[in-house]
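This briefing describes one protein chain for a reader who has the sequence and the structure at hand. Please keep both in view while reading.

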Amino acid sequence: MNEDRSHMEIIRELLEGQLLGVLGTHREGEPYTSLVGFAATPDLKQLIFATGRSTRKYTNMAEDARASILVDNRTNRPADFTEAAAATAVGVVEEINQSERSDFDRVFLTKHPHLDSFVKSPSCVPRRLRVSVYMVVAHFQHVIELHNDP
């Protein structure tokens, strides 16, 4: 990642402090969003989450792996217009293979222990969003992009 400490700190605080994000996928030109529990890898280059095989988001990602996850800290107060921050992670989603499953379980279930039975069910598919860029919005309209280094 490009080193802009204040924006990286905002991203880290959002990703560590929030349990849910909004996953954006699409199918046949139609957008689709859904709430997902997520966790970030320590280097912030991947956001991991789990979904059921029979979900619309799973089907959408199987057809086109491009996706985004929005994470924000709004509190539903008027002050959010000037105080809230949001980060959108954009990248490609892929299934986590069996050899990486224990790492996924450790990171994801540390943040979401209440999802243990869901994550370990046969219908659950662990996924990762390989982040290519973060778009951070803070102070109402201040937007900055942070790209992963090649």
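Leucine 44 lies in the loop between β2 and β3, the latter covering residues 46–52. In this predicted model, leucine 44 has a positive phi of about 65 degrees although it is not a glycine. Most residues other than glycine have a negative phi. Leucine 44 has a relative accessible area of 3%, and a residue under 20% counts as buried, so leucine 44 is buried.

**Loop residues with a positive phi**

- A second case is glutamate 28, which has a positive phi of about 50 degrees and is not a glycine either.
- Glutamate 28 lies in the loop between β1 (20–27) and β2.
- Is glutamate 28 buried or exposed? Its relative accessible area is 71%, and a value over 50% counts as exposed, so glutamate 28 is exposed.

**Strand β2 and proline 31**

- Proline 31 has its place in strand β2, which comprises residues 30–40.
- With a relative accessible area of 68%, proline 31 is exposed.
- When residues up to four places away in sequence are not counted, proline 31 touches Thr25 and His26.
- Proline 31 and glutamate 95 are separated by 64 residues in sequence, and their C-alpha atoms are 21 Å apart in space.

**Pairing of the strands**

- Strand β4 (residues 66–72) pairs with strand β5 (residues 85–95) in the antiparallel sense, over seven bridges.
- Within that pairing, arginine 66 has valine 92 of β5 as its bridge partner.
- Strand β5 is also joined to strand β6 (residues 124–138): the two run antiparallel and share eleven bridges.
- Which residue of β6 stands opposite valine 93? The residue is leucine 129.
- Glycine 91 likewise stands opposite a residue of β6, namely valine 131.
- Strand β6 pairs with β3 as well, in the antiparallel sense and over seven bridges.
- The bridge partner of threonine 51 in β6 is valine 125.

**Burial in strand β6**

- Strand β6 is mostly covered, since eleven of its 15 residues are buried.
- Leucine 129, found in strand β6, has a relative accessibility of 0% and counts as buried.
- Leucine 129 and lysine 45 are 84 residues apart in sequence, yet their C-alpha atoms are 8.3 Å apart in space.
- Arginine 127 also has its place in strand β6, and its relative accessible area of 5% makes it buried.
- Beyond its neighbours within four places in sequence, arginine 127 is in contact with several residues, including Phe49, Thr51, Tyr58, Met61, Glu94, Glu95 and Phe104.
- Arginine 127 and methionine 61 are 66 residues apart in sequence and 9.9 Å apart in space, C-alpha to C-alpha.

**The chain as a whole**

- How many helices and strands does the protein chain have? Its secondary structure comes to five helices and seven strands.
- From the N terminus on, these elements follow the order α-β-β-β-α-β-α-β-α-α-β-β.
- The radius of gyration of the protein chain is 15 Å, close to the 15 Å that the globule rule gives for 150 residues, so the chain is as compact as a globular protein of that length.
- Taken along the principal axes, the box filled by the C-alpha atoms is roughly 45 × 35 × 35 Å.
- Of the 150 residues in the protein chain, 43% are buried.
- Among contacts with a separation of 6 or more, 66% are between residues 24 or more positions apart.

**Surface and charge**

- The protein chain exposes about 8500 Å², and 53% of this area is supplied by carbon and sulfur atoms.
- The side chains include 17 positive and 21 negative ones, and the centres of the two sets lie 6 Å apart.

Notes
Residues are numbered from 1 along each chain as its sequence is written. This is a predicted model: local features need pLDDT of at least 70, side-chain atom pairs count only at pLDDT 80 or more; totals for chains, interfaces and linings use all residues. Side-chain values use heavy atoms; hydrogens and water are left out. Two strands pair if DSSP finds at least two bridges between them. Helices (H or I, at least four residues) and strands (E, at least two) are DSSP runs, numbered from the N terminus. The radius of gyration is taken over C-alpha atoms; the globule rule is 2.2 Å times the number of residues to the power 0.38. Buried means under 20% relative accessible area, exposed over 50%, partly exposed in between (1.4 Å probe, protein chains only). Contact means heavy atoms within 4.5 Å. Accessible areas come from the Shrake-Rupley method with a 1.4 Å probe; for residues, only the protein chains shown count as cover. Lys and Arg count as positive and Asp and Glu as negative; His and the chain ends are not counted. The place of a charge is taken as NZ of Lys, CZ of Arg, CG of Asp or CD of Glu.
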